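Colleague: I'd like to learn how to read features off a model like this one. Could you take me through them one at a time?

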Amino acid sequence: MVKMTKSKTFQAYLPNCHRTYSCIHCRAHLANHDELISKVSGDSNGLINSVGVVNVGCGPAEERVLLTGLHAVADIYCENCKTTLGWKYEHAFESSQKYKEGKFIIELAHMIKDNGWD
């Protein structure tokens with residue numbers, strides 16, 4: 001007889017020498033502050049390079065009309081607690097928005113600042 005157990009998700013940790021953003025719900029590291037490209041929508045969201053994102057899962061892409069036009073986006077979630085955090089730009093249909101492709105929007109309401117913030 002095989003006994004099934006729930007497997008534990010292994011978390012990635014960003015270096016303590018960098019300011020980081022963590023999930024406000026479970027404190028898993030999410031992103032390095034150095035990878036923040038810009039704050040958008042009145043500081044309620046942050047556009048982040050994919051290089052600095054850890055412990056984030058990605059759902060299936062779907063087309064959505066956002067404030068900046070039509071995009072194919074995928075919801076992203078914390079791998080540790082499964083909270084939806086924001087979305088990832090998979091494809092931008094307008095040429096002026098192509099710079100967003102492959103980047104993440106993490107809603108600041110789901111992040112807390114860690115490691116060396118004043």
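Colleague: Let's start with Trp87: is Trp87 buried or exposed?

Modeller: Trp87 counts as buried, because its relative accessibility is 16% (buried is under 20% relative accessible area, exposed over 50%, partly exposed in between, with a 1.4 Å probe and protein chains only). This is a predicted model, where local features need pLDDT of at least 70, side-chain atom pairs count only at pLDDT 80 or more, and totals for chains, interfaces and linings use all residues. Residues are numbered from 1 along each chain as its sequence is written, and side-chain values use heavy atoms, leaving out hydrogens and water.

Colleague: How many aromatic pairs does the structure hold?

Modeller: A pair of aromatic rings is described by the distance of the centres and the angle of the planes. Here there is one aromatic pair (Phe, Tyr or six-membered Trp rings with centres within 6.5 Å; planes under 30 degrees apart are stacked, over 60 edge-to-face, the rest tilted). Trp87 and Tyr89 form it edge-to-face, at 6.4 Å centre to centre with 80° between the planes. Tyr89 is buried too, since its relative accessible area is 5%.

Colleague: How many disulfides does a search of the whole structure find?

Modeller: A disulfide is a covalent bond between the sulfur atoms of two cysteines. The search finds zero (the cut-off is a pair of cysteine sulfur atoms within 2.5 Å). Cys81 is in no disulfide, its nearest cysteine sulfur being that of Cys23, 3.7 Å away. Cys81 is partly exposed, because its relative accessible area is 29%.

Colleague: And how many salt bridges does the count come to?

Modeller: The count is five (a side-chain nitrogen of Lys or Arg within 4 Å of a carboxyl oxygen of Asp or Glu). One of them joins Asp114 and Arg27, whose closest N and O atoms are 2.6 Å apart. These partners are 87 residues apart, with Asp114 in strand β9 (residues 111–114) and Arg27 in the loop between β1 (20–23) and β2 (29–32). Asp114 is buried, because its relative accessibility is 14%, while Arg27 is partly exposed at 46%. Elsewhere, Lys98 and Glu101 form a salt bridge with closest N and O atoms 3.3 Å apart, and Glu62, Arg64 and Asp75 are linked in a network.

Colleague: What does the secondary structure of the protein come to?

Modeller: The protein has zero helices and nine strands (DSSP runs numbered from the N terminus: helices H or I, at least four residues; strands E, at least two). Of its 118 residues, 37% count as buried.
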